[in-house]
Amino acid sequence: MNGPIGLHGGGEYVAGDEPYLDALLRAAVAASMLRAVAGLDFSGAPDDLDPVDADVSGHAMGTAPTDAPIRIAIVPTAAARGQPDRVAATGRDAFERRARAGGLRVTVEVARIVDAASADDPRAADRLAEADLIHLPGGDPDIIPAVLRGSRAMAAIESARRRGAVIAGASAGAMALAEWTWTPDGGIRGLNFATGLVVVPHYDDVRRMRWQQSLDELAPGGIGYLGLDERTGVISIADGAAGSDWLVAGPGAAYWFARGAAEPIVGRHGEVVRLSS
């Protein structure tokens, strides 16, 4: 079974982002439980077991009933032109802090993938393949598709998701997980973990701009637009494909514009938004 997809509007790891980080950790707990039960073989997992809604009652923040820690891998690819190590360290601190607050045991590692060579590093790929949560923070939107597509790291991410791991991105990371994204040089294909949509991060800053008209000129037909406020995101329920339900978490809102829609469907913390075309 495929694990959930997380899409976030940016401002990751900062004060106020705790609700979304906690939601990701809850989803990762479920992935860890599935991994423990299935022994890394998810072929026997029930088809209707949803990693977001898995029963974790009786445990702090849904602590997995196993001594093994939740495995988190941070992938600072989008920050390759900036300070990827600093971004990764900030992410590690944030996840460890929220895990302590929720009574969870976590192991946070960095898959330092910043170019084609590191994307084919078997050690980085192993970290990704074994993770319960893979998180891609923000940076430049063109780097992730260019570096990851066709790489050993990409194969490991796909393998992790097939066994139930959470694949999540913030800002440029979220943009790259969608079917289509845009760069300073124009629109490009994303990694297509979330089909049928383009992510518009930092939506609280851009909502008064004519962004949709500009994106319509770049994106192919049939694409909808998901605007996400900073420190706010969505986590897919039922495979993260177009038409599925997405749980909103964070202090802002999610805004879904189906193709050609003039007004969005708006979801806020704890609500579920259906991203139908």
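Here is a short walk through a helix pair and a sheet in this structure. Keep in mind that the model is predicted.

Let's start with the helices. Find α4, which covers residues 122-129, and then look for α6 at residues 152-162. Their axes lie 8 Å apart, and the two helices pack at an angle of about 15°. Angles under 35 degrees count as roughly parallel, so α4 is roughly parallel to α6. As for handedness, the crossing of α4 past α6 is right-handed.

Which residues make the contact? On the α4 side, you'll want to pick out P122, A125, L128 and A129. Facing them from α6 are R152, A153, A156, I157 and A160. If you sort the residues of this contact by type, you get eight nonpolar and one charged, with no polar ones.

Now move on to the sheet. It's an open one built from four strands, and if you read across it the order is β8-β9-β12-β13. The pairing is mixed. At the edges sit β8 (197-200) and β13 (265-268), each of which pairs on one side only. Going from one strand to the next, the twist averages 20°.

Note on methods:
Residues numbered from 1 in each chain as written. Predicted model: local features only at pLDDT ≥ 70, side-chain atom pairs only at ≥ 80, totals over all residues. Heavy atoms only, no water. Axes fitted to C-alpha atoms, helices over the stretch in contact; angles between N-to-C directions. Parallel < 35°, antiparallel > 145°, perpendicular 65-115°, else oblique. Left-handed = near helix turned anticlockwise from the far one by under 90°. Contact = heavy atoms within 4.5 Å. Nonpolar A, V, L, I, M, F, W, Y, C, P; charged D, E, K, R; others polar. Pairing = 2+ DSSP bridges.
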